Amino acid sequence: MKEQAKKVQRHPFHLVDPSPWPFVAALGGLSSTFGGVLYMHNYDGGGQLLCLGLITILYVMFTWWRDVIREASFEGQHTAAVQQGLRMGMILFIVSEVMFFFAFFWAFFTSSLSPVFNIGGVWPPAGIEAISPWGLPLLNTIILLSSGASVTWSHHAIVGGFKREALLSLFITIIFAVVFTGLQGFEYVNAPFAMSDSVYGSVFFMATGFHGFHVIIGTIFLSVCSFRLYFDHFSRQRHFGFEAAAWYWHFVDVVWLFLFLTIYWWGFNVIV
């Protein structure tokens, strides 16, 4: 009886079991970092070490989140207090991502509002043909905003208990995301400048490229949610995994709007 009394949990928090995944993830990150540096400096084995690190990170992503899903869906470990902590963690993560993209916007405005003499003293720099915002960028804006509407539709369908509509709208969101990524790649291939073409090319490809990377991550996030929704992991009251994906996707939408208005539209129409 005394042993049973000791096992009674007197708090609403989840004390996770010992896990190897943080250590393995650290090894993967270390390997990918060192491998990337060695690869970019043409050292032998750098590419292999980079691939090993990336594969390790992907494996840990699958296994660690598998454990989290099991704890939430089958063990019932995610109490209201735990869910509140997860929500706060996701909010702080998105805030950190805002700061990440803020650095690129800072670089863009610093370079464009006071262009230095070695780029011609004008913005866009001399010799750079800026991409018109009224072609693919505008189409991509419409596509991404539509995907934000469809993921909101899916969220409301989950809350309302309409599984079929939720799956349909989530599938539409994923299609929009894949089309956006394809069009962004097409724009890169046909861009009239390269990443090495002055600070304009560097800022353009770094900002839009990292946004594209976040779109790919968000697409994977939503795809996993679609499988979980199909297998009834979400209910009308408990579906934070989907909420986190939707928050992340709306963040991606907002970042793109700022990219469109600044780098594409303002950078194309305003000559400093």
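Modeller: A charge counts as sitting over a ring if NZ of Lys or CZ of Arg is within 6 Å of the ring centre and within 35 degrees of the ring normal. The model is predicted, so that local features need pLDDT of at least 70 and side-chain atom pairs pLDDT 80 or more, whereas totals for chains, interfaces and linings use all residues. Residues are numbered from 1 along each chain as its sequence is written, and side-chain values use heavy atoms, with hydrogens and water left out.

Colleague: At what distance from the ring centre does K163 lie over the face of Y230?

Modeller: The ring concerned is that of Y230, and K163 lies over its face. The distance from K163 to the ring centre is 5.3 Å.

Colleague: How many aromatic pairs does the count come to?

Modeller: Rings of Phe, Tyr and Trp (its six-membered ring) pair if their centres lie within 6.5 Å, and planes under 30 degrees apart count as stacked, over 60 as edge-to-face and the rest as tilted. By this rule, the number of aromatic pairs is 32.

Colleague: Why is the pair of Y188 and F204 edge-to-face?

Modeller: A pair of aromatic rings is described by the distance of the centres and the angle of the planes. For Y188 and F204 the centres are 6.5 Å apart, and the pair is edge-to-face because the planes stand at 65°.

Colleague: Which helices hold Y188 and F204?

Modeller: Helices are DSSP runs (H or I, at least four residues) numbered from the N terminus. The pair links distant parts of the chain, 16 residues apart. Y188 belongs to helix 6 (residues 163-189), and F204 to helix 7 (residues 198-230).

Colleague: Is F204 buried or exposed?

Modeller: Buried means under 20% relative accessible area, exposed over 50%, and partly exposed in between (1.4 Å probe, protein chains only). Y188, at 26%, is partly exposed. With a relative accessible area of 2%, F204 is buried.

Colleague: What is the angle between the planes of F234 and F242?

Modeller: F234 is buried at 11% relative accessibility, and F242 is buried at 0%. Their aromatic pair is edge-to-face, with 6.5 Å from centre to centre and an angle between the planes of 65°.

Colleague: Which residues does S226 touch, not counting residues up to four places away in sequence?

Modeller: S226 lies in helix 7 and is buried, with a relative accessible area of 16%. Contact means heavy atoms within 4.5 Å. Not counting residues up to four places away in sequence, S226 touches L167, L170 and I174.

Notes: Helix = DSSP H or I, 4+ residues; strand = E, 2+ residues; numbered from the N terminus.
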